[in-house]
Amino acid sequence: MARLFAVCLVLLAFAMAVAADMAPMMAPMAAHMAPMMAPADMAPMMAPMAAPAADAGDCNSDLQDLVANCQNYVMFPAEPKIPPSPACCAVIQRADMPCLCAKVTPAVEKVVCMDKVVFVAKYCKRPLQPGSNCGSYPVPGVIV
């Protein structure tokens, strides 16, 4: 199974806000606010994720680390793609990517640019497998 990364974590934080009936408020603001939010600002949105999801496993600490270290590299707009920091790459190297990808919802995919997630994973030398999915996003590339 393909290993996905940090973007999935940021997307999950916003998906949880949507699940808490905050969708009407968050959707229009997410694209503008997410790049400006500090990791501490996202903590209240991540609190509902403390309980493990039935199918997604328990990778909440990976999610928190991704939000803290990688959110600036995976949020919309799709361009420019900025090389991630060494701290972000360190998180990606140790994260449980299948678990994180299982947590990516369509709401998360509206906030996190999955093309940037692919870019960051590749840059950090942990590319996602072409032809696999992270959430509903099909990872582009040739299947060998």
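The model is predicted, so to speak of local features a pLDDT of at least 70 is needed, side-chain atom pairs count only at pLDDT 80 or more, and totals for chains, interfaces and linings use all residues. Residues are numbered from 1 along each chain as its sequence is written, and side-chain values use heavy atoms, with hydrogens and water left out.

Let us start inside. A nonpolar core here is a set of buried Ala, Val, Leu, Ile, Met, Phe, Trp, Tyr and Cys residues joined through side-chain atoms within 4.5 Å. Buried means under 20% relative accessible area, exposed over 50%, and partly exposed in between, with a 1.4 Å probe and protein chains only. The largest such core has 31 residues, and Ile92, Leu100, Val112 and Val120 touch the most other members. At least two core residues come from each of helices H3 (60-74), H4 (86-94), H5 (97-102) and H7 (114-123), and H3 gives the most, with 6 residues. Helices (H or I, at least four residues) and strands (E, at least two) are DSSP runs, numbered from the N terminus. In soluble globular proteins, nonpolar side chains tend to be buried together.

Among the buried residues of H3 are Leu63, Leu66, Val67 and Cys70.

In H7, the buried residues include Met114, Val117, Val118 and Val120. Rings of Phe, Tyr and Trp (its six-membered ring) pair if their centres lie within 6.5 Å; planes under 30 degrees apart count as stacked, over 60 as edge-to-face and the rest as tilted. The count comes to 1 aromatic pair: Phe119 and Tyr123 are tilted, at 6.2 Å centre to centre and 35 degrees between the planes. Because they are 4 residues apart in H7, about one helical turn separates Phe119 and Tyr123.

| Residue | Relative accessible area | Class |
|---|---|---|
| Phe119 | 26% | partly exposed |
| Tyr123 | 42% | partly exposed |
| Ser132 | 14% | buried |

Ser132 lies in the loop between H7 and strand E1 (133-134). A polar atom of the Ser132 side chain lies 2.5 Å from the backbone oxygen of Gln129.

Note on methods. Polar contact = N/O pair within 3.5 Å; in protein donor to acceptor, adjacent residues only side chain to side chain.
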